Amino acid sequence: MMPRFRPFLTPMGGAVFVITLIILIRSLLHRNSYEIVLSFLLLFLLLILGVIGVWKSRKLKSLEPSWKPPNPMTANLNHVCLDQTQITGLEGSLPLFFRLHFFVRGRFFPCGGKKSCRVFVETSVPRKETSALLALDFPMSGVFQGDGYCQLRDIFGIFSFSCGLPHNRTVKIRSAPCFGKEIRINAQSGAEDRRSKPSVDEKRYYMREYTPGDRIRDINWKSSDKIDTLITRISMDNQEKINRIEIHFRNYKSEEKGQKTSLEALWLLDRAKARLAYFLRSLMELSSSFLFDVTTAQGNWEIEDQDDLEAFFDELAGFSFLPPQSEPFVTKGAGDMYVFSTACDIGLPGFILVNNPRPITVFIVQPLEKAAANSEVEILCLNDFTFNGCEPDLRWFAGSKIKPLGTQANKIELFYAGIKL
């Protein structure tokens, strides 16, 4: 938890105080009554504001403000919607000429990597309001760890007094959404029992919600009336077929000794995350019979419904690069396989080779070096950080450029991403 600030003069307040003292000393030396009166009035005003500020900040010592980002938190949130971080718990009367200011300060780890950048944003609370909005936004996916705290400030910008209790929070930021053409796939299909999850209610265990195409005579009107939802009977011996889709998200990158991951590499990974999220969400909306087997460098996930999907997206936000495995592994399936990767994954060609002759579709994010004129390109600018209160580490922009990765597969979908200073 960050240390709380003690009452102090702001930089402008310190400048005003020094100038006032200079005027006072000069007026006493020259016996200028006008300047003496003016300097004493200014010092008296500073004294009154300081006394009121100290008194009121102690009254607000027990204030417990909290900040709640949108859920889910998405990169470039303020560019696509009006959702902002909610600040609550700001009850308390304020003296004239004073306002509450809420600050969020912490560290942002792009794509959940080891390197971070400082973040500092603030907002002024309208007078007589107990809540406010804070424009907390990030240019890409990752993890943010920060503290929210209050300060009591005068409208002249001279004094700033700490008040209330700081509130620490860790936030996972998902990738900004991307869009593309309609996805067509060939899924592995097999008869599997969708009733693998037990239910507390035995009646619901053998039933499911009505979907268009079900027979009217199979609707359980009595149960449907109780829960205000159409329920269809399912025979104990009936099994619904599941279309199983095998997906590999290869967030691998070899780290040479002394060479750090560049911001360009993190941006490629962020866009690969966005492509994977678009793929999963599109197919989930297309059919509820899809079951996704997702393999990443961090582990394996089985995604069956919307809750599983949202939980996976939260985990995906914090995925960073990991070193490649010692050798490519052969997957167990026999149907189509879908691979998401970046130009940093030098082990991708070998992975595809050892999994032949399986049909493989590769979605790969490449740097801008060989992007065609009509290619889809996504750009990250330096001011995307500074505009959102982030201070990027300049070492992210050092190092060698990422080269396009050549690979062969049954089908390859190319996407391009780059950095502009």
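Buried means under 20% relative accessible area, exposed means over 50%, and partly exposed lies in between, using a 1.4 Å probe and protein chains only. By that rule, Arg31 is exposed, with a relative accessible area of 75%.

A quick word on the model: it is predicted, so local features need pLDDT of at least 70 and side-chain atom pairs count only at pLDDT 80 or more, while totals for chains, interfaces and linings use all residues. Residues are numbered from 1 along each chain as its sequence is written, and side-chain values use heavy atoms, leaving out hydrogens and water.

Most residues other than glycine have a negative phi, and most peptide bonds are trans. Here are some backbone spots to look at. Helices (H or I, at least four residues) and strands (E, at least two) are DSSP runs numbered from the N terminus.

| Site | Backbone value | Loop |
|---|---|---|
| Arg31 | phi about 55 degrees | helix 1 (11-30) to helix 2 (33-59) |
| Cys111 | phi about 55 degrees | strand 5 (98-110) to strand 6 (117-124) |
| Asn71 to Pro72, cis | omega about 5 degrees | Pro72: strand 2 (66-68) to strand 3 (73-74) |

Asn388 sits in the loop between helix 9 (383-386) and strand 19 (390-391) and is buried, at 5% relative accessible area. Beyond its neighbours within four places in sequence, Asn388 has contacts (heavy atoms within 4.5 Å) with Val121, Asp137, Phe138 and Pro139. Asp137 is 251 residues away along the chain, yet its C-alpha atom is 5.7 Å from that of Asn388.
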